[in-house]
Amino acid sequence: MPRKKFVAGNWKMNTTLAEARALAQAVVAGVGSAPTVDVAVCPPFVWLAGVAEVLRGSPVALGAQDVHYEKKGAFTGEVSPGMLTEVGCKYVIVGHSERRHGLGETDAAVNHKVHTALEEGLRVILCVGETLAERERDLQERVFQRQVYAACAGLTDDQFDRLVLAYEPVWAIGTGKVATPDQAQTAHHNIRRRMSQLYGEKVAGALPILYGGSVTAENAPGLMSQPDVDGGLIGGASLKADQFLAIVKAAGG
Ligand code: PEP
């Protein structure tokens, strides 16, 4: 079965509640009732409930930007996967580079989060990608293998059905330095080949692999038309409804 394209907006630590609701409203209006592309928005935790109300009844899904790896307990300031499903989340981003590199999130913590989130019924958008220093040393394949192998340790075939991979080269995130369509296609093709070696052709063939890193309305058509690019995880450009909707359109929506 051909993979359906998927575009998700990562709003990061941006928007007021009013802005978040207005942005969600504009995305819902622009996406229409029967998009051919899956679409999700990931607001800050505190706006999830307010944005969920706006998305209700629409095909635009709600996602969170992170989750804790335990289901409940004494973890001050944290949010559990069950809380996310209860507020209406279908997706959660795990292992974003801003958490790995800025907040010291380890591969082991990412693996724990992936398991707990999947067990609670969420779909996981698992972020992987090399830093500039790693790319300059031609280590991207090794970094990918380490991150994915660690993050996916212990997953069953059924759980892979609810996994989305986001290839986000760290040098391209929020920098305006987007990968070229050729670079993205080569990376995604290599990732899929490696996934096939690690987990089999069925898992690799069905796995959506999103590109993330400075995607804009202008560069999206080139990126989204690559055969192994199954959509995008969009940061900055997801904060402007017209930009985000143009990216959704470029993905075929
Ligand atoms: C991201 O943070 O996941 C991202 C891709 O950001 P940007 O689009 O702003 O580079």
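## Helices on the Barrel

In this predicted model, helix α9, which spans residues 181–199, lies across strands β6 (163–167) and β7 (209–212). The direction of helix α9 makes an angle of about 145° with that of β7.

## The Barrel

The strands belong to a closed arrangement: 8 of them form a barrel in the order β1-β2-β3-β4-β5-β6-β7-β8, with parallel pairing. From one strand to the next, the twist averages 25°. Helix α2, formed by residues 48–55, also packs on the sheet, where it touches β2, β3 and β4 (89–94). The direction of helix α2 is at about 165° to that of β3.

In general, the strands of a sheet pair through backbone hydrogen bonds, in either a parallel or an antiparallel manner. Strand β2 (residues 38–42) and strand β3 (residues 61–64) run parallel and are joined by 2 bridges. Within this pair, Val41 has Leu62 of β3 as its bridge partner.

## The Ligand Site

An N or O atom in the side chain of Lys12 is 2.5 Å from a ligand oxygen atom, and a polar side-chain atom of Glu168 lies 2.7 Å from an oxygen atom of the ligand. Gly235 takes part through its backbone, with a polar atom 2.9 Å from a ligand oxygen atom. On its own, the ligand has 290 Å² of accessible area, and the protein covers 96% of it.

Notes: Residues numbered from 1 in each chain as written. Predicted model: local features only at pLDDT ≥ 70, side-chain atom pairs only at ≥ 80, totals over all residues. Heavy atoms only, no water. Polar contact = N/O pair within 3.5 Å; in protein donor to acceptor, adjacent residues only side chain to side chain. Areas by Shrake-Rupley, 256 points an atom, 1.4 Å probe, with all protein chains shown as cover. Pairing = 2+ DSSP bridges. Helix = DSSP H or I, 4+ residues; strand = E, 2+ residues; numbered from the N terminus. Axes fitted to C-alpha atoms, helices over the stretch in contact; angles between N-to-C directions. Contact = heavy atoms within 4.5 Å.
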